[in-house]
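This report describes selected features of the backbone, the strands, the salt bridges and the surface. The sequence and the structure are shown first.

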Amino acid sequence: MTNKNYKHWRVEHDNEGIAWLHIDKADAGTNVLSREVLEELEDIIGGLTQTSPKGVVILSDKDSGFIAGADVKEFTKIESEDQALQAVRRGHSVFNALEALPCPTVALIHGFCLGGGLELALACRYRVADDDPGCKLGLPEVKLGIHPGFGGTVRMIKLVGPLNGLDAMLTGRNLSARAAKKIGLVNYAVPKRHHLSAARSLIKEPPKPHKLPWWTAILNHRQVRPLLGKYMAKQVAKKAARSHYPAPYAIIDLWVRCFDDPGYMLNEEINSIAELIVGKTAQNLIRVFMLNERLKSLGRSEDYDPKHVHVIGGGVMGGDIAIWCALQGFKVTLQDQKMETLAKVVQRAFKLYQKKLKDRRAIRAALDRLVPDIKGDGIPWADIVIEAIFEDAEVKRNLFAGIEPKLKKDTIIATNTSSIPLDELNTVLKKPERLVGLHFFNPVAMMPLVEIVHSEKTSDKVSQMAAAFTRRINKLPLPVTSTPGFLVNRVLMPYLMEAVNLVEENVPMALIDKEALAYGMPMGPIELADTVGLDICLKVAEILSEHMDIAVPERLKKMVEKGQLGKKSGKGFYVFKNGKPVKPPIPKNYTAPTDVQDRLILRMINEAVACLRDGVVDDAELADAGIIFGTGFAPFRGGPFHYIESRGKDQVVKLLEQLEHRYGPRFAADKGWKDL
Ligand code: NAI
């Protein structure tokens, strides 16, 4: 029996008295808990209290999974704490009503079950998850600067205990079905084909609720919570400062203060999230989420479906690009002049696959997809060729001239060059429109962004194909023009060079790094330069200095001459022990200049303005996205242009003028400020 038509739900009552609630959000590939979806669910549950079914099952009709969370787009429209309170209260009342149903309730979970989706499942009495690796359960709200807000903070800790529950909420990481079963988050982790019968049996013979080990009661005890909470806050502080990221601290605080009284804790959860959601951090992190979505939308996978990737150059970059593409399911042939280099890549691949895939068969399969190809036999079969050989225009041109006659007619050639304009490389090609830049960042496995570099000659179709390919390997495409340094290196370099200037002025290196961290950068500039490699920094700086007003510090040249290359040689600015920099402490009586942070950050921001003026990217939003995902620029600040807006454009220009007065023309405000 089916009753009442809903837009996003389908309700069926079977002849065993079970109500099946199918969620299938209209006009969407993924289910999210939008306001409408929740309103309909409220109505459905209201109906169920009248019809008194024997059991209720909630399941998704989408292939993509159960429910991916709340509707983040709606968050951006919240303008006041009152509006936030209203929205959160609605969710609470629906989930409380679901929890209060007198019959057994079951959530059948496959694919993504995140955030509000998991909170909905937590309000059910039982949960069954698909044991496929694609099934992911988690409460990732901290990544958006908030915490679970539909009762999840209470129900999660009650169900899986404070250690597992808080860990899931504080890290925001996903759990597989098996891991979820282990901690008691789900009752069964079984293949999807068994889900319907599992649900029926849970309803017909409801098992006793999952019982936590006795010692969790001690951890949850009123007198223990403050101590444990303090310890956890200390751990969190190592990763995220309270002033920048208040959400994880709020989670700990809720548990410590309120866990004795679940009703009170539910209420306090509402107040806490309403306050967080209108705060700067959450609004900026939500913005970063939307920027991520925008970059994703720039590469539509329908535009291109390549199967075979041929990579030429198996060094630091080419090797890692090949490894990554094979991990993402592509057949990859990897060509290099040297067999030893290819052998090293295979070893590196094995290590990464072990870490990422764990399962032996999956590791084997990924390794089988990565084929060393010293002679370049893969070229005629490739759909895309990625070149990552030495950074030398002549060598690259010779290579392109040699391979073009062997390529299939639609194969695109992508170069990973970080500094050579494409128009200097495409001159030897019969079809120059097929050359595009795919500028990856080091380390490839960690960096989400790829700059899609187009010259005047690159055809739009090829740029689109390159962006689509980037999505297919699970990276974020950012279209940029073929101008020196593109976007990311161009804004990063003045920042790094300013850090070296500060070292030359005898400002302690640890202090320089500390100032950048205090701003919210993921790593200080001195440590970053050492990590990237001082030889690479020098090379990029020298190339950029031909086109831009950046002086290459003498100190950097001397260090590279002496073989002090940073982490890879064991010594750069810092000495490295076990891969970690040993930072000499800041002398006790040292009085730090007050403008260190501004000197570092404003040089980067000034260059970002210059990039926008030069049209390197289409708009300020894309610049923010590229700089956040390419450099790690303090995400909670929402990107350089957003930062300018929040600090006040005139104020920033005034600061630049003061710095110019003090330190010279490298701080002169770019012409582009006028048009902002
Ligand atoms: P690398 O020196 O580590 O590797 C270059 C590899 O290319 C070597 O293994 C070499 O044997 C091979 N090779 C040279 N000529 C060849 C040819 N004709 N046929 C086949 N193999 C050949 O260099 P790296 O650092 O991997 O850089 C490669 C490219 O990536 C450069 O264009 C560089 O500008 C760019 N890039 C480098 C980044 C980095 O952080 N190292 C970051 C982004 C781009």
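Asn506 is placed in the loop between α18 (488–504) and α19 (509–519). The model is a predicted one. Asn506 has a positive phi of about 65°, although it is not a glycine. With a relative accessible area of 63%, Asn506 is exposed.

**Backbone**

Most residues other than glycine have a negative phi, and most peptide bonds are trans. A positive phi, near 65°, is also found in Asn474, a residue of the loop between α17 (460–472) and β18 (476–481). The peptide bond that leads from Asn442 to Pro443 is cis, its omega being near -5°. Pro443 belongs to the loop between β16 (435–439) and β17 (449–454).

**Strands and pairing**

Strands β1 and β2 form a hairpin with 4 residues between them. In its turn, Gly17 has a positive phi of about 85°. The pairing of β1 with β2 (residues 18–23) is antiparallel and runs over 5 bridges; Trp9 has Ile23 of β2 as its bridge partner. The two faces of β1 (residues 9–13) can be told apart: Trp9, Val11 and His13 make up the covered face, while Arg10 and Glu12 make up the uncovered one.

An open sheet is built from 4 strands in the order β4-β6-β8-β9, with mixed pairing. Because β4 (65–67) and β9 (174–175) each have a single partner strand, they stand at the edges, and one side of each is left without a neighbour in the sheet. Strand β4 pairs with β6 (residues 112–114) in the parallel sense, over 2 bridges. In this pairing, Ile67 stands opposite Cys113 of β6.

**Salt bridges**

The whole structure contains 43 salt bridges. Among them are the pairs in the table below.

| Pair | N to O distance |
|---|---|
| Glu293 and Lys296 | 3.5 Å |
| Asp368 and Arg364 | 3.6 Å |
| Lys583 and Glu527 | 2.9 Å |

Glu293 and Lys296 are 3 residues apart in helix α12 (residues 280–297), so about one helical turn separates them. Glu293 is partly exposed at 33% relative accessible area, and Lys296 is partly exposed at 30%. Asp368 and Arg364 lie 4 residues apart in helix α15 (residues 360–369), so they too are separated by about one helical turn.

Which parts of the chain does the pair of Lys583 and Glu527 link? The salt bridge between Lys583 and Glu527 links distant parts of the chain, 56 residues apart: Lys583 is in the loop between β20 (580–582) and α23 (596–614), and Glu527 is in helix α20 (residues 525–532). Lys583 is partly exposed, with a relative accessible area of 29%, whereas Glu527 counts as buried because its relative accessibility is 17%.

**Surface patches**

Lys234 is part of helix α9 (residues 225–239) and counts as exposed because its relative accessibility is 63%.

A nonpolar surface patch consists of Leu163, Trp214, Trp215 and Ile218, which together have about 460 Å² of accessible area. Trp214 is in the loop between α7 (195–204) and α8 (215–219). Its relative accessibility is 65%, so Trp214 counts as exposed.

Note on methods
Residues are numbered from 1 along each chain as its sequence is written. This is a predicted model: local features need pLDDT of at least 70, side-chain atom pairs count only at pLDDT 80 or more; totals for chains, interfaces and linings use all residues. Side-chain values use heavy atoms; hydrogens and water are left out. Buried means under 20% relative accessible area, exposed over 50%, partly exposed in between (1.4 Å probe, protein chains only). Patches are made of residues with over 30% relative accessible area and no salt bridge: like charges are joined within 9 Å, nonpolar side chains (Val, Leu, Ile, Met, Phe, Trp, Tyr) within 5 Å. Accessible areas come from the Shrake-Rupley method with a 1.4 Å probe; for residues, only the protein chains shown count as cover. A salt bridge is a side-chain nitrogen of Lys or Arg within 4 Å of a carboxyl oxygen of Asp or Glu. Two strands pair if DSSP finds at least two bridges between them.
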